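Me: I would like to go through how the two chains of this model meet. Could we begin once the structure is on display?
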2 protein chains.
Amino acid sequence: MISHGARKRKGSIAERDLIHKFWEADWAAARVAGSGSAQYPQPDILAGNNIRKVVIEAKVTADKAKYFLKQEIEDLKEFAVLFGAEPWVAIKFNKHDWLFINPEDLKETDKGYSINTETAERRGLGFDELLRD
Amino acid sequence: MISHGARKRKGSIAERDLIHKFWEADWAAARVAGSGSAQYPQPDILAGNNIRKVVIEAKVTADKAKYFLKQEIEDLKEFAVLFGAEPWVAIKFNKHDWLFINPEDLKETDKGYSINTETAERRGLGFDELLRD
């Protein structure tokens, strides 16, 4: 079992990798401070250029499916609406590149939402596709 | 002399106060993680609504004037241009409310830029004025 601290570090490293990709593509991007513990809805990453703005909930998982609490996705959408940006869920499954999922493409479950690797591959966008969207 | 840690905490508390104000005004706002140490230009705060986006370098000072390194202001402007947002310098002088300064209104010095309380009061905008801008 992986510790909370190690998981958090792994998440941070993955988020930084995503930040790199945006800057390499001439988008400005920033990680949000305390996104998991703030009193207001906060995404993990904000990125944008002159034309588009995206707010991202970013997750790394070693499992075949990723689960989200209802609140996480509601917060992402609320921030996006207020800020005037597109909400995206970014997931990095083992041995896959980042996939960007429209929150509407997540499957609703009892406690929230989920998506598995296959659906994410089919419905999600790769990084370059996201920027061309 | 105030310690680096105490100054940093004071700065964080002040930034959170600013974040509150934006949410109360129905803008979405977020603090940027590691804004002082990142490899890319990073502002302290991003805020926006459906119409406008602002990126902010926020400073608290007990002095009568505030100094900025050239790089800080260049970074703020670079992020703003790429992200597609307005760059603002927010300063909280002792016993004053937050004042929002257009970076072009800072005075150029040998090492960077500066602004004193009087000029900030004259040229700067209060929070409500910033939102009406």
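Me: Which residue of chain B comes closest to the rotation axis?
Reply: That residue is B:A33, whose C-alpha lies at 2.0 Å from the axis. Please note that this is a predicted model, in which local features need pLDDT of at least 70, side-chain atom pairs count only at pLDDT 80 or more, and totals for chains, interfaces and linings use all residues. Residues are numbered from 1 along each chain as its sequence is written, chains are lettered from A in the order in which they are written, and side-chain values use heavy atoms, without hydrogens and water.

Me: What rotation superposes chain B on chain A?
Reply: A rotation of 180 degrees does, with 0.0 Å of shift along its axis and an RMSD of 0.0 Å. The two copies are therefore related as by a two-fold rotation axis. The superposition is by least squares on the C-alpha atoms of residues with pLDDT of at least 70 in both copies.

Me: How many residues does each chain give to the contact?
Reply: Chain A gives 25 residues and chain B gives 25 residues, where contact means heavy atoms within 4.5 Å. Of the interface residues of chain B, 100% are also interface residues in chain A, so the copies meet through the same surface.

Me: New topic: how many salt bridges cross the interface?
Reply: The rule finds zero between chain B and chain A; a salt bridge requires a side-chain nitrogen of Lys or Arg within 4 Å of a carboxyl oxygen of Asp or Glu.
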